[in-house]
Amino acid sequence: MNTLAKYILHTPNALCKPLCMAALLCGLSALAGIMTGCEDKPLAFNYCSTPVEGWEPGDTLKFHVDTVKTAGTYRIDLGVRTSSSTPYPFQSLWLVVRQHWHNPNRELCDTVMFKLTNQRGDPNGHGVTIYQYDMPWQQQQIAAGASADISISHIMRREILPGIADVGIRVQKVTAANP
């Protein structure tokens, strides 16, 4: 038997202790990553498509927010995607966002302005063929057991609005890791 094998057989604690500690640290790191990932899952995160050739004012986009399990402060973000193949002809996009919260019942309505391009017409969003625009919109105290239906429509003067590909919402609990 070679010298290394004899050493391993006669001194198992010398090698086992560092290997066990390394395995334990890797396991704890993985567990912490899984737990952190679970907390960051949004309550709602969804996009609705619009016809790129033209979004009509009567085409209201509807989103549902599932029942809130934990009461707290939630951040609502809005998102818009525009197409480079059918350019959006304006610098801004005006939206009406209606929220109908259930349990307790309450209605909220707000007008939101997205600044999509700068003064030169360059997109403020990021992307190549589709430009993504994200806007932190508001924070709300939401009770456990509440759910919501949110609708979004545009209020631009032009009836048929070309270039808007998708509009979306994201509702996520505010935490220290996700302010």
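User: In the hairpin of β4 and β5, which residue takes a positive phi?

Analyst: This is a predicted model, where local features need pLDDT of at least 70, side-chain atom pairs count only at pLDDT 80 or more, and totals for chains, interfaces and linings use all residues. Residues are numbered from 1 along each chain as its sequence is written, and side-chain values use heavy atoms, with hydrogens and water left out. The hairpin has three residues between its strands. The one with a positive phi, near 65°, is asparagine 103.

User: How many bridges pair strand β4 with strand β5?

Analyst: Strands are DSSP runs of E, at least two residues, numbered from the N terminus. Two of them pair if DSSP finds at least two bridges between them. β4 covers residues 92-102 and β5 covers residues 106-115. Serine 92 stands opposite lysine 115 in β5. The sense is antiparallel, and the bridge count is ten.

User: In β7, what is the bridge partner of arginine 98?

Analyst: β7 spans residues 147-154 and runs antiparallel to β4, with eight bridges joining them. Glutamine 99 stands opposite isoleucine 150 in β7. For arginine 98, the partner is serine 151.

User: Which strands stand at the edges of the open sheet?

Analyst: Four strands form this sheet, in the order β2-β7-β4-β5, with antiparallel pairing. Each edge strand has a single partner, so one side of each is left without a neighbour in the sheet. The edge strands are β2 (61-65) and β5.

User: Is cysteine 109 buried or exposed?

Analyst: Buried means under 20% relative accessible area, exposed over 50%, and partly exposed in between, using a 1.4 Å probe and protein chains only. Cysteine 48, at 17%, is buried. Cysteine 109 has 53% relative accessibility, so it counts as exposed.
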